[in-house]
Amino acid sequence: MITRQRLAAGVCALLAALTAGIAFPAGAVADETAAQAAPKVELVLDVSGSMRANDIDGGSRMVAAKQAFNEVLDATPEEVQLGIRTLGANYRGNDRKTGCKDTAQLYPVGTLDRTEAKTAVATLTPTGWTPIGPALLKAAADLDGGDGTRRIVLISDGEDTCQPLDPCEVAREIAAKGVGLTIDTLGLVPDAKTRDQLSCIADATGGTYTSVQHKEELTDRVGQLVDRAADPVATPVAVEGSDACTGAPALKSGLYTDREEFAQHRWYRVDVAPGKELRASVSVAADRAVNPDYGVLLRAVTVHGREIVRGEAAGNGRTDVISTGLRYPKAESDDEDAPAETVCLQVSNSFSAASGVKTTPGMPLELTVDVVDGPDQASDVASFGLGRGWWLLGALVVVGFLAGVLWGWISRLRIAVWRTN
C-alpha cells in the first residue's frame, strides 16, 4: 500500500512540474502602444429603389442591410468613431437633377450611441436614385480632419445613376489629395457593370471590393472593415506584383492588396535580416462565379529559385475566400554586418471561371507580411516546425512512457497479490 502511494505521488509530482513549466510565462511583454487619434468610419448605404429586390436569403436587400448594420453597431469597438450616410433615401420623384443630390448623413461621425444609430437605420425605406459619386464626396468631407485612420465602407446594389460625375473618378480625386482615406466597397448581388464600378472605386484608394450574396457575408465583411479601422497597421496598401521574382515590388511589414487573374502567378520580395522571422499569409476572394475545387499556393523561395517553405489550401466551392500562410526564420549570424536575405514570395491559384464569366479584372488578393524577431534557435523552427516547443512534445512522450510502465508494473503487482490471496 505504501509503495503504491509513493508511486502515485511521484507521478503526480512529475506531472505538476511539467504543468508548472508550461504555465509559467517566459517573460512579460510591456505594452508600448502609443496614444493615437481615434479612427473614423462612415458606412455609406444605398437606399435606392432597387434595394427592395427579394433575392438575399429569401428577403429584401434592405432587410439584409439593416440586419447587418444592427449587428455591426453592437460589435463596433469603443475607440472607433462611426457615422452613417445614405444615398437615394429621401427623393421619390423623377427629376434627375434633384435625385442626384439625394444624399444625407443619417448619423454623424462621432462617439457611437448604439440605440440612437439603430433607431435611425430602422426608419430607412428604399426610395430613389443612386448618386454614388456625390455621396462619396460628402462622406470624404464628413471624415475630414484628424490624423487617425479614416475609412468609407460603401454598400450598393447598382451602378451610379448620376453620370457624368463618375464615382471612380471621384475616388481617384480623393486618393490624389493624399488624405489617407480608404474606400471599401460591397456589392449586393451585383451584375457585371456594378462589380466593375465598385471594384474601380476600391482600387483607386487601396481598398477592397467584396461581392455579397448572403446576410452573414454582409455582416461579417462590414464588421471586419470596421474592426480594421481600429488598427492602423491593418490598413491595406495597393501593390502590383510582377510575373517573376526579378523586378518584383519590395514589401515591408503591412497589409497589401492586389489583383490576380485565374491561374496567374504574382511575385513579391521581402528582405529578412539575420535573427528575424518572416510571417506571410494570403487570401484570394472569388468575387464572381467560379468552378468548384480550387486552391491557393504561397511559396517562399530564394532569388535563385530554391524553395524554402510553402503554404497551401484547397476549397470545394463552399466559401468565397481561401487563405494560407507560411513562416521562415532566418538564423542569427556571427557577422554583425551580415546582409539581409531577399526572399521571393510567389502567390498562385487554381481557380477557373464558370461558363460565361469574365476573367478580368483579376480576383481580389490580400497579402499580409510581417517581419518580427525570430526564435532563439531559428533552425528548430525550420527543422521541426515547432519552434522552442519541441521540448514540450518530448516531455509529454517521456511522461506517457513512464506512466505506461508504472501502470503496467502496478497491474502486474495487483494480479500477483490477487493470486497469492
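Two strands pair if DSSP finds at least two bridges between them. Helices (H or I, at least four residues) and strands (E, at least two) are DSSP runs, numbered from the N terminus. The model is a predicted one, in which local features need pLDDT of at least 70 and side-chain atom pairs count only at pLDDT 80 or more, while totals for chains, interfaces and linings use all residues. Residues are numbered from 1 along each chain as its sequence is written, and side-chain values use heavy atoms, with hydrogens and water left out.

**First stop: strand β11 and its partners**

Select residues 276–285, which are strand β11, together with residues 363–373, strand β16; the two pair in the antiparallel sense over nine bridges. Within this pairing, R279 has D370 of β16 as its bridge partner.

**Second stop: an open sheet**

In which order do the five strands of the open sheet lie? The order is β8-β10-β15-β12-β13, and the pairing is mixed. Colour β8 (250–251) and β13 (307–315) separately, as these are the edge strands, each pairing on one side only. Then select strand β10 (residues 265–272) and strand β15 (residues 341–349), which form an antiparallel pair over eight bridges. V270 stands opposite V343 in β15.

**Third stop: salt bridges**

A salt bridge is a side-chain nitrogen of Lys or Arg within 4 Å of a carboxyl oxygen of Asp or Glu. The structure holds 19 salt bridges. Select D157 and R61, which form one of them, with the closest N and O atoms 2.7 Å apart. Because D157 lies in the loop between β4 (150–156) and α6 (167–176) and R61 in helix α2, the pair ties together parts that are 96 residues apart in sequence. Both D157 and R61 are buried, a term for under 20% relative accessible area, whereas exposed means over 50% and partly exposed lies in between (1.4 Å probe, protein chains only).

Move to D184 and R151, whose side chains meet in a salt bridge of 2.3 Å, N to O. This pair links distant parts of the chain, with D184 in strand β5 (residues 181–188) and R151 in strand β4, 33 residues apart. D184 and R151 are buried.

Continue to R259 and D203, where the closest N and O atoms of the salt bridge are 3.7 Å apart. R259 belongs to strand β9 (residues 254–260) and D203 to helix α7 (residues 192–204), 56 residues apart. R259 has 14% relative accessibility and therefore counts as buried, whereas D203, at 39%, counts as partly exposed.

**Last stop: a nonpolar surface patch**

Patches are made of residues with over 30% relative accessible area and no salt bridge; like charges are joined within 9 Å, and nonpolar side chains (Val, Leu, Ile, Met, Phe, Trp, Tyr) within 5 Å. Display the surface and select V398, F401, L402 and V405, a nonpolar patch with about 370 Å² of accessible area together. Such areas come from the Shrake-Rupley method with a 1.4 Å probe, and for residues only the protein chains shown count as cover. V398 lies in helix α10 (residues 390–420). At 46% relative accessibility, V398 counts as partly exposed.
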